[in-house]
Amino acid sequence: MHSRNNDPIAAIATAPGRGAVGIVRVSGKHIGAVIEALCGRLLKAREATYLPFRDAAGGAIDHGLALHFPAPHSYTGEDVLELQAHGGPVVLQLLLARCLEAGAASGVRLAQPGEFTQRAFLNDKIDLAQAEAIADLIDASTEAAARSAARSLSGEFSHEIHALRDGLVHLRMLVEATLDFPEEEIDFLRKADAHGQLSKLQQKLATVMQRTRQGALLREGIKVVIAGQPNAGKSSLLNALAGAELAIVTPIAGTTRDKVAQTIQIEGVPIHVIDTAGLRSSEDAIEAIGIERAWAEIEAADAVLFLHDLTRADLADYQAADAAIAAELAQKLPPRVPVIDVWNKLDSHQAAPGVLALSAKTGAGLDNLRRKLLDVAGWQASPEGVFIARARHVHALQRVEAHVDAAVAHLAAQAQLLDLLAEELRLAQNALNEITGAFTADDLLGVIFSSFCIGK
């Protein structure tokens, strides 16, 4: 049965739009016909050649550089042709159409999103964690995220996972050997210090999990919703955090009718801040819709900034409305979502000791809020550097931790249940293998690579 993974593929490898240079990439077996058709001759391996790119009649579509990377020494591990032309959309479309036409007999087709990188993974040029790091490097929204993605792409994250896997494999070997010689099981495991090896593995796993959580935080950030009564200064706070006039600010209560979102970065961590409509009962149909949307955003938040107005803090009606909002927050939010009480308008009124107070107008106290947001996110600056990671990596490591903890319990039990111990170690290894792709379902691969851009 023919597999589409064996088809030669072609695509424009640079971003859409006009540019100085654009690249068309072809990868797969039997692309010699495409090389000769476009370049007029065969090319020397890994040597840039300036020449005309020819159409079917022999005329020049454009002039540029052509490079041929013979398998397996290429990005995909297959024969690769790269045509570097002028970056006009029409020129690149003409070149792509000519590649597909010239390679029709060899089965050249248009590449799917992420298919070049998928070929690299399938041909063992990179593992799955490194493949994901490529997309993360392209999509990085902060400098810290880009540097961390580069570390993962270089193999730092994969090296940590392989080290954990090797430790598990060695432990599995000891346990399986013991199962083959049950009369010597206690002495054999004791002499091999299986308990000590498992304990060291737990410590190593804890370190990797911490760095992985930090990497996932760098990639994904947290969603923070600013909530509170009208005129508490929510829009002013968003503007102050963003350093730009994003939201309209007026003395009129209920100015904000819909959400206003902005991503900021604090020490490289993306914080997705959302300003919402003031929470109150309203007869205004449009404002009521805004308040309904505000609660929807709050319920989907990773953290909520509950903004209070210092200048109205002594008013009984204001206190009652704040208490009602606090009660509704407690009812609608899961316990894991923190609610941070912030007192605004410090420039006009003194705050009580020990509260998080600031002035969105002057900027006083904003640094304290930024530090609080990092604490809530769980960010810890790491001197040894963080590698980029995804939520699926964190979840996989959490499963590894659960299986390793169960293995420790089985080993420590007075009546050692070696069959169960061996099974927990096997399941832990499988969870680790999912991260690098050594053991990964095809549907997961489809989801991962479909999120890449075409040409990558």
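Tutor: Start with helix H13: among its buried residues are Arg392, His393, Val394, Leu397 and Leu411. This is a predicted model, where local features need pLDDT of at least 70, side-chain atom pairs count only at pLDDT 80 or more, and totals for chains, interfaces and linings use all residues. Residues are numbered from 1 along each chain as its sequence is written, and side-chain values use heavy atoms, leaving out hydrogens and water.

Student: Why is Ser158 called buried?

Tutor: Buried means under 20% relative accessible area, exposed over 50%, and partly exposed in between (1.4 Å probe, protein chains only). Ser158 has 4%, so it's buried. Ser158 sits in helix H6 (residues 156–180), and, skipping residues up to four places away in sequence, it touches Asp127, Ala129 and Gln130. Contact here means heavy atoms within 4.5 Å.

Student: What makes the span of H13 agree with what it should be?

Tutor: The expected span is 1.5 Å times one less than the number of residues. For the 22 residues of H13 (391–412) that gives 32 Å, and the end C-alpha atoms are 32 Å apart, so the two agree.

Student: What makes E3 an edge strand?

Tutor: Strands pair if DSSP finds at least two bridges between them. The open sheet runs E3-E4-E5-E2-E1-E6, with mixed pairing. E3 (49–54) and E6 (109–110) each pair on one side only, which puts them at the edges. E3 is joined to E4 (residues 60–69) by 6 bridges, running antiparallel.

Notes. Helix = DSSP H or I, 4+ residues; strand = E, 2+ residues; numbered from the N terminus.
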